[in-house]
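Student: I would like a close look at one part of this structure, the place where two chains meet. Please take it slowly, and then go on to a few other features.

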There are 2 protein chains.
Amino acid sequence: MSTGPIRPTGRAYTALRPASAARITGGFWAARRRTNAEVSIPQGPARLEAAGNLANLRAAADGKGTFTGDYPFQDSDVHKWLEAASWQLADRPEDDGEGEGEGEGGTELASHVDELIALLAGAQEADGYLQTYYRLARPEQRWQDLRWGHELYCAGHLLQAAVAHHRATGQYELLAIGVRFAVLIDTLFGQDRAIDGVCGHPEIETALMELYRETEEQRWLDLAAYFVERRGQGLLSEGAGRDPGAGYWQDHIPVREATTVTGHAVRQLYLLAGATDLAVETGDAGLRAALERIWAAMAGTKTYLTGGLGARYDWESFGNPYELPPDRAYAETCAAIASVQWSWRMALLTGDAKYSDLVERTLFNGFLSGVGLDGDSWLYVNPLQVREAHEEFGGDDSVRRTPWFRCACCPPNVMRLLASLPHYMVSGDAEGLQLHQYATGVYEAGGGRVRVETDYPWRGRIAVTVEAAPADADWTLSLRIPSWCPDFTATAPDGDSPAETVPGWLRLRRRWHPGDSLTVDLDLSPRLTRPDPRVDGVRGCVAIEHGPLVHCLEGEDQRAGVPFEELTLPHDAHLTVRHEPELLGGVTVVTADGRSRGGADVVPLTAVPYHVWANRRPGPMRVWIPRE
Amino acid sequence: MSTGPIRPTGRAYTALRPASAARITGGFWAARRRTNAEVSIPQGPARLEAAGNLANLRAAADGKGTFTGDYPFQDSDVHKWLEAASWQLADRPEDDGEGEGEGEGGTELASHVDELIALLAGAQEADGYLQTYYRLARPEQRWQDLRWGHELYCAGHLLQAAVAHHRATGQYELLAIGVRFAVLIDTLFGQDRAIDGVCGHPEIETALMELYRETEEQRWLDLAAYFVERRGQGLLSEGAGRDPGAGYWQDHIPVREATTVTGHAVRQLYLLAGATDLAVETGDAGLRAALERIWAAMAGTKTYLTGGLGARYDWESFGNPYELPPDRAYAETCAAIASVQWSWRMALLTGDAKYSDLVERTLFNGFLSGVGLDGDSWLYVNPLQVREAHEEFGGDDSVRRTPWFRCACCPPNVMRLLASLPHYMVSGDAEGLQLHQYATGVYEAGGGRVRVETDYPWRGRIAVTVEAAPADADWTLSLRIPSWCPDFTATAPDGDSPAETVPGWLRLRRRWHPGDSLTVDLDLSPRLTRPDPRVDGVRGCVAIEHGPLVHCLEGEDQRAGVPFEELTLPHDAHLTVRHEPELLGGVTVVTADGRSRGGADVVPLTAVPYHVWANRRPGPMRVWIPRE
């Protein structure tokens with residue numbers, strides 16, 4: 001049963017080939033992904049039409065017309081939707097690998113995808129350039145505003161969509177569009193070329209790495225390396241528009257010298273994801289060490305309990321270490337997505353379970369809160385507290401769900417993460433298969449295939465059945481033991497009880513036969529979490545957690561007549577768990593013996609999972625509850 | 001000894017006529033005002049030259065040239081400096097009313113003032129318009145961007161300078177420039193005139209009220225009333241540039257319907273100051289009731305312990321009720337100044353001591369922190385906490401003092417408040433004189449004159465000697481008893497011990513003879529202040545106060561070897577007071593029996609007054625100290 005370190009051979013979020021090598025077929029994530037497939041993604045084209053994104057593409061194809069929208073990066077909403085739709089096309093949730101797998105919804109989706117690809121093809125200029133803002137609103141001004149123009153950013157999202165579409169469908173049309181643009185960029189950018197510069201918003205880096213993996217052309221890795229390494233050299237120090245300081249776009253220090261996350265959260269995390277892709281492919285030890293150091297600083301000093309990132313509204317940015325206000329948490333949905341993408345790459349780079357721990361925390365809390373249960377209402381910011389006396393001014397930073405945003409980066413980003421979610425579940429290496437996340441489904445990696453059945457996160461039992469494994473060799477099945485988990489039991493095929501042989505991993509190496517199963521029971525017992533005393537914003541408070549879920553109080557669920565702001569929770573309060581199948585689509589609630597400030601009587605507090613907050617009428621909410 | 005309510009007849013910060021009717025001659029404020037007079041104000045012209053403000057005036061006079069500076073309101077820095085210099089010209093701190101009072105410094109200052117007035121005269125256009133930004137950078141675009149153009153705002157500061165200069169010197173040249181511009185505005189603006197609109201940044205309202213008082217022309221009151229009453233009608237809902245929402249510029253609700261302060265803090269407070277001026281003059285009970293309600297909401301739910309206002313960096317704005325993070329307190333120096341101006345007007349409107357309580361808290365803490373002890377280094381933001389691990393990015397929002405700002409609104413604003421400070425000390429009414437603030441000096445109001453001698457705020461003794469009073473009638477001397485004061489003793493001329501006959505006021509009505517004195521001893525004992533439990537940002541903390549002074553810990557003064565972030569202070573800790581004549585210009589420090597988190601040994605904590613923080617090398621700082 002001895003095992004070595006995990007050395008995943010996977011490559012970022014498109015780790016598994018074919019795209020259908022992981023399928024979530026039931027349980028918690030299947031339900032949320034069904035809403036994504038049936039509501040969110042299908043409504044995308046209409047939203048993009050209403051917001052003018054498609055009109056921009058048509059106008060650009062005509063070579064005339066006015067640009068619609070407030071931002072130069074409007075096209076990226078289209079690209080992200082196309083990426084989401086592409087992953088969705090590869091998804092066969094109801095299929096066990098035997099049928100055709102593409103129902104009527106799939107056909108309709110495919111034709112929407114084809115329509116949008118045709119629009120992109122029309123909008124692409126003769127030399128491969130594709131950004132309607134510059135075509136329509138700023139002709140002759142290409143590449144002149146690398147700070148705010150978002151040209152390489154849009155190209156990056158185009159490339160990610162192109163790779164996803166090719167991976168999912170085997171078709172080349174969108175990939176060709178993306179490659180044409182990438183060739184233009186490769187011709188122009190470099191230290192010895194016409195433009196020595198980086199983009200104000202990272203994204204091209206990871207996209208080029210994906211393109212490299214898809215095409216196996218070295219030039220894309222080289223170009224990605226150029227963009228990663230040239231950052232932090234002050235190339236953005238001169239430019240047009242408002243100047244938020246070099247740290248905002250991570251141009252104050254090279255990645256390999258940085259010690260923490262800084263500036264605009266999404267920019268920072270996309271950059272680090274791309275740098276990690278590079279380290280995975282090159283094996284660069286210096287870059288890897290920097291990434292591990294930066295990640296530790298982020299996770300240890302700048303991450304909310306929910307996995308949310310970005311403490312400041314101003315510049316949508318990271319705050320100082322331990323500056324994590326619950327009420328003014330910006331915690332942009334896109335930052336949570338970017339964090340999942342980066343941490344997953346770190347998991348693949350290192351095999352360390354802590355990265356997938358944070359992926360789990362983020363997925364179940366600070367990410368999932370970004371989309372309403374209806375699949376059609378969104379949060380841009382994900383605070384950990386809303387007061388009873390909240391004064392709402394609206395806008396993209398509203399703490400009430402809205403159907404779309406003026407800056408609509410988050411909704412299609414949620415769609416693409418949910419659509420590609422199966423890829424974040426497992427990795428494979430020469431020894432076997434690693435289960436990083438738990439969802440009922442079928443997963444192929446590391447030379448084998450397993451079937452997982454679980455009611456996670458509501459229940460802690462995870463039953464893994466091996467469907468295929470090397471017949472004539474030992475093979476290692478690894479299950480992540482979450483760091484929040486105080487205890488677990490495991491039952492192996494031979495009745496043995498395997499233990500955690502590598503920190504964070506339960507590993508079982510043996511000869512596996514189809515039908516062999518390994519069952520793990522994680523102790524989900526609800527718990528009260530005290531904050532690090534250095535986090536000033538939540539001093540004197542406790543939070544309720546249950547398994548991987550952070551819970552919160554919403555005003556709606558509390559005893560009538562007790563002012564919400566007077567509720568307190570002693571740090572040794574008794575907690576009970578109750579599943580409520582009719583509440584908010586079916587959730588487990590935690591009830592705690594609270595108090596009303598200064599009172600002696602018990603006031604029961606009812607805490608729902610954070611990810612379902614703001615799905616009822618507006619009201620106060622708290623993750624961190626005062627102890628007195 | 002019976003007294004009626006206080007009904008001040010004063011009118012805002014120019015309450016006393018002549019401008020020399022109040023003179024601060026010694027003690028705490030005299031020292032700070034001397035630095036203002038000898039360093040801050042004299043350096044103004046050079047700073048304005050270096051920043052391009054004066055070049056803009058010269059270019060405008062030539063009718064050609066480029067505009068220098070990032071903001072359309074650059075001229076207002078000049079206006080505010082002129083106002084400061086004008087008040088300074090009226091000041092004769094060393095003079096007891098017998099000499100000429102204007103030394104060499106005064107002559108030099110007067111010639112600087114005359115030079116700048118000449119520049120303004122040259123830059124004024126034929127029709128009276130005066131804003132170099134529009135003359136130079138946006139010709140033909142006057143009044144087309146009321147949201148961001150700051151035209152009426154600049155006009156307002158010009159008028160305040162004009163009134164101050166006229167009041168201080170008796171000269172008409174600057175007043176004439178101001179009136180010419182005001183006439184143009186009066187011709188254009190109104191519901192039945194060419195432009196029905198209000199300015200994105202209030203300021204014109206209070207300025208017109210001052211002009212009304214100076215000239216006694218009704219038209220200026222009417223125009224001020226128009227600008228006050230038309231606000232909140234959505235006139236700013238359509239316009240150019242970024243849209244922060246109507247609440248940002250208080251255009252979401254009319255002043256008389258508002259219930260709290262909202263949006264950009266300085267905008268809000270200037271508006272309310274102007275509205276209060278209007279209520280003072282018109283006696284409008286509805287407007288007064290609204291102002292009292294709004295003030296109570298501000299003081300009760302949106303004001304920092306230091307008197308600082310504006311909890312949010314984004315949009316420099318008020319937060320929600322009880323949203324008062326210490327680390328990310330914006331608490332712009334200008335907002336503290338605007339608060340002093342508004343609360344002083346409320347004191348004059350109502351006679352209620354609570355308004356001057358807040359003036360005192362703000363002056364001694366959140367305002368005075370804005371200027372360094374050297375008189376030549378400034379803070380734009382005034383946080384209540386800086387971490388050991390602070391990551392400084394610089395800019396106008398730096399928490400380190402800098403010589404000037406890109407947006408240099410605060411320095412000349414500090415200069416004008418310090419130069420006009422004597423006006424905030426006393427008011428008069430038909431019954432007598434009210435001492436709102438305590439500073440050694442001579443004050444004339446309400447038909448009498450008093451001399452005050454005190455070491456306030458370091459010591460609690462205030463000795464008031466009557467120099468002149470009605471010879472043949474009773475006269476009332478009133479002294480504010482600060483709300484923080486737990487106890488006081490008073491000794492009257494006849495050996496009597498007068499009591500607080502109106503809440504917040506010690507009043508003594510009698511026949512006064514020159515030389516009669518009243519001595520009051522306020523108990524300044526240091527105290528530990530616990531926050532309102534609804535202020536989430538400082539839960540579980542205490543603050544140290546001493547008399548009117550809020551204290552803070554700076555890293556520099558704490559015991560070496562104990563990490564700053566580990567310092568704690570039990571809520572029942574023993575406090576001692578010690579005057580340190582050599583420290584930071586001479587301050588009283590409070591020493592408290594603190595702890596290092598988790599340790600049992602006493603760690604002495606040394607707390608300096610908040611207003612002197614950031615005058616040494618950069619380091620951590622805390623007003624609110626964790627109890628555990």
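Predicted model: local features only at pLDDT ≥ 70, side-chain atom pairs only at ≥ 80, totals over all residues.

Tutor: What follows starts with the contact between the chains and then turns to features inside them.

The contact draws on 34 residues from chain B and 34 residues from chain A. The size of an interface is often given as the accessible area lost when the parts come together. For chain B and chain A, that buried area is about 2800 Å². Carbon and sulfur atoms give 43% of it.

Now to chain A itself. A UniProt annotation, from an unreviewed entry, marks residues 446–523 of chain A as "domain: Non-reducing end beta-L-arabinofuranosidase-like GH127 middle". This stretch of chain A is 51% strand and 0% helix, and its end C-alpha atoms lie 28 Å apart.

The peptide bond from A:Tyr456 to A:Pro457 is cis, with omega near 5°. A:Pro457 sits in the loop between strand S6 (448–454) and strand S7 (461–468) of chain A. Chain B has a cis bond to look at as well: the one from B:Tyr456 to B:Pro457, with omega near 5°. B:Pro457 is in the loop that joins strand S6 (448–454) and strand S7 (461–468) of chain B.

Another backbone detail is at A:Gln250, which has a positive phi of about 55° although it is not a glycine. A:Gln250 belongs to the loop between helix H9 (218–230) and helix H10 (265–282) of chain A.

Over all chains, the structure holds 54 aromatic pairs. Among them is the tilted pair of A:Phe28 and A:Phe364, with 5.3 Å from centre to centre and 55° between the planes. A:Phe28 is in helix H1 (residues 27–50) of chain A and A:Phe364 in helix H13 (residues 353–367) of chain A, so the pair ties together parts that are 336 residues apart in sequence.

Notes: Residues numbered from 1 in each chain as written. Chains lettered and ligands numbered in written order. Heavy atoms only, no water. Contact = heavy atoms within 4.5 Å. Buried area = accessible area lost by both parts, 1.4 Å probe. UniProt positions renumbered as here; feature names shortened; annotations may be inferred. Helix = DSSP H or I, 4+ residues; strand = E, 2+ residues; numbered from the N terminus. Phe/Tyr/Trp six-rings, centres within 6.5 Å; stacked < 30°, edge-to-face > 60°.
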